[in-house]
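Work through the exercises below with the sequence and the structure open, and compare each step with the worked solution.

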Amino acid sequence: MRAVTWDGWNLTGLTAGPGQRWGAVRLVPLLRDAPITDLRLHARLHDPDDPTVAVPGPRTGHVAYVPHAFVASWTSDGGPVAAYGTQLTDPARGRPAGVGLHLPRRTTRRKERNRLRFLPLHLALEGYLALHCGGPSVVWEEWNRRAVNRGLSPWAGQAYTGAEVAGLADALRVFEIHPGQCGMLLYVADALAAALVVPHPDDYRVLHPTLLLDLFGELVYHHAHLYPAVAEFHVEIDAERVTRVADLRAEAARIRAAWSAFALSMAEGLFGARPTTSTPVYRMGRFTLARFLPDFDPRQENHIGETITDEAGRLAYLKTFRLSAAQVRRGYLLSRLAAHDWNLDATAGALGTDRESLVRRLDRAGFGNLLRPEIIDAARRAARERDRRLRRSR
Amino acid sequence: MSRSDQVACEDLVMFVNAAIASTGQHEFRADAAQQRLSLAFLHEYVLGNYRDLYAATLALEINHFNAALVVTNLLRTARLASPAQRAREGRLIAARLRLLPPQRVYRVFRELRRLGVNNRRTRAIIRDWVAGRPDLPFDAVKYRRSLSVAARHAHLSLPGEIGTFLFDWRRPGRYETEILERWRRAHHDQRALAALPYTVAEGLATLHGIDRARLLTRHTPQLTRAERLRLQESARRLDVEDVVTVDLGRTPLTRLALYVLSLPRAERVRRRAALTEALRTSARRAAGRRAGSWGRVVAVLDDSYSASGSSAKRQRPLAVALAAHYLLEVLAADYTGLWLAHHGDPLLVRPTGPTGLGERILDGLERRPDRLVVVSDGWDNDPPGLAAEVLRVWFARLDPDRRTSVVHLNPVYDSDTFQVRRLAPDVPTVGVRDAEDLATLVELARFATGSATLAELRRDLDDRVDRFLADAASAGGPPSGDGSAVRAAPAVGDAGGVVGDTPAVVGEAVGTEVGVPYPEAPR
């Protein structure tokens, strides 16, 4: 499908609540006036033992979604399967598409049936980057096994799970979930680290603890370590304007509204006016699943993510990752490649370099396995030759 | 008032609040280590700077954990005190120890031994306390290890066979004292188990392969009230609930609220009438003569998610709020209780959602009550700080004569700031552990805004100390009464002994308050 430049977020029906802070972490709830009931988290992802959540039955009339990288036992033999990219499915028919995982024992030790899990994070993130730029599914399967067998790929160390981000676990634990809460903006040292929006409060309750399994760039990790605590914003009522009880009530309402507006303005880096490229990938019922990419400007916040929007473009589901500087550079390469239909010569021309340099740049960035081995070998050989010639001539 | 006096006032109020609310256990936002570290510092600080006042807090409603800590600290640093101070401290310590549940006191003794505090006065205090025990052979069986530690540490000469029982128990073929003999026989005779304290019998039951259901049916008369309450649910599971009965109406109010909240909601609905009646009865008993004397009262009660407490203090803040609801209903002539999120029968309340105190407080103030009582951990976050602003503007603009008095009761000690979290600078905040103390704590609240002078505070404290000591002297045991000077404790000794919990069950199941003596329990 065609990528479209998309410069407006339709946040109708969503308001930000007052944030709660804990150390360097500030969590801002996103509230929905009325929940969306015809798009629900796939019933398989709900904990069957949790009595507080009303699990949607396997009925027709609603569309189910499975967030990216969630692992569940979809297959008949109970093997783990990860959702490769967020999935939209009809809950009455079949199981959602996913990638079979060949994981060593250590990653699948907790084998409770239907337990909600995530992929190992480096697989999730890098798979995500490749996915966004149209890497073929075979690469994912292939790479998956390779990365798991050989340990971390060179750049996996630059992302951290939420559990490693100082104070995040406590912040999520003590956060008081609002009734009607359908999302969360997560700030670390008042920099937006992640955003999550879901259609229904029950879905949110299921997904709230999984923010801890999410991944964050090194920026977020360092912020959490370097900033001991963020300050509380001070609210003030102008006493001169209050003469009756109703005035005081109005002032309280004004403060609440001010909070809401302020919280959204803090997320300007994501919801701001910068153009974003969005690719619709799947349409089911009135919902459209799309992946969006930033403009990979290293001076700005760069978030990638997935959205599900309804027919009017209103946001039903959103999940973002904030890219680190290195990931922005890699993402830039991939986006250039994708823009030129993966044609190396055309891309090299556009970047003002030659084919071999581009191949080596891709190789160094860790995308060597996207290309056929002989191409990389040729590029490496050429580089060696050139080095040798340089040395000899010196 | 000079600056130093003001600081002293604030420090003392801060310490008393902490000593009432904190038990050094895991709270919702801080773990046990943080709480203990913070509290230990506060104790050191007050002890170092205001020794007199520190000792005098023993006469206040500080909780068992902190009372034990104060006693230990005073004895540990006795050499720094003048002879006059020492005499006063000695009397306060003796009076307070007599009020504490025995397992707490034995724990103090063990701690003194660990610290190597063994001067003449400490030995005399241990000796006097042990001599004052109503039934020492019973203690010897139930607190066997602890009593032997105390005896060894203080060189006690124990009466009768107790010395033999503790230190040379294998030798005698039989004991003359009945309970000691029963304990000896229980090692090889199942029938003798029935007459032993439950915790002791529980240990010996495994020796005989008796399962819990059988033990409970046989053992019912020996259970203390706290044990009965704690074993309710396990008795239900084991299908012996008709045997392990408990008179809920006689259970202390906060305890009862904890028990109610521990039940699933469906169960609460099923037993609604009985539970509500029990809560009301217990509240009436706690209110005593004060019932109906408070005029128009509105309470703002916190049922946010943070009221769920921690694994060590399960739903404690919510239970305090629930108990306060029923108590205020009795105290007030006209009462309205406002929960943050909950509507309908307070029995079904559960901790969920954010803490939006501001708008609820406004709802309460709008009714123009005589008193507004806020029970909350003070983490006002929806939106943050609104409650403080509402209160400030209300008193500045809408009620300058202060016809409504506002008091904030906080069940949670905030270890980071060394105090219970406050709502607003000019609203008094007091720590609370048991809702039963609410009436007394509200009297204390006038010192919490910092408007009282140090001289006033000292005078008030001295009065309380005098009353406390006089009560202790006249009762020959703990002062009984309406709890004006001390936590209302049941009189000891009238049923021939105090039956308490053992230290092993501290913090289990029903929160943390352990060993409330149950004089009615027949042994």
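**Exercise 1.** Determine how α19(B) and α20(B) are oriented relative to each other.

*Solution.* The two helices are roughly parallel to each other, a label that applies to angles under 35 degrees. The model is predicted, with local features needing pLDDT of at least 70, side-chain atom pairs counting only at pLDDT 80 or more, and totals for chains, interfaces and linings using all residues. Residues are numbered from 1 along each chain as its sequence is written, and side-chain values use heavy atoms, with hydrogens and water left out. The angle between α19 (residues 357-366) and α20 (residues 386-398) of chain B is about 30 degrees, and their axes lie 7 Å apart. Their crossing is right-handed.

**Exercise 2.** Identify the residues through which α19(B) and α20(B) meet.

*Solution.* On the α20(B) side are B:L386, B:A387, B:V390, B:L391 and B:W394, which meet residues of α19(B) including B:I361, B:L362 and B:L365; contact means heavy atoms within 4.5 Å. Sorted by class, this contact comprises nine nonpolar, one polar and two charged residues.

How values were computed: Chains are lettered from A and ligands numbered from 1 in the order in which they are written. Axes are lines fitted to C-alpha atoms, for helices over the stretch in contact, and angles run from 0 to 180 degrees between N-to-C directions. Helices (H or I, at least four residues) and strands (E, at least two) are DSSP runs, numbered from the N terminus. Angles under 35 degrees count as roughly parallel, over 145 as roughly antiparallel, 65 to 115 as roughly perpendicular and the rest as oblique. A crossing is left-handed if the near helix is turned anticlockwise from the far one by less than a right angle, and right-handed if clockwise. Ala, Val, Leu, Ile, Met, Phe, Trp, Tyr, Cys and Pro count as nonpolar, Asp, Glu, Lys and Arg as charged, and the others, Gly among them, as polar.
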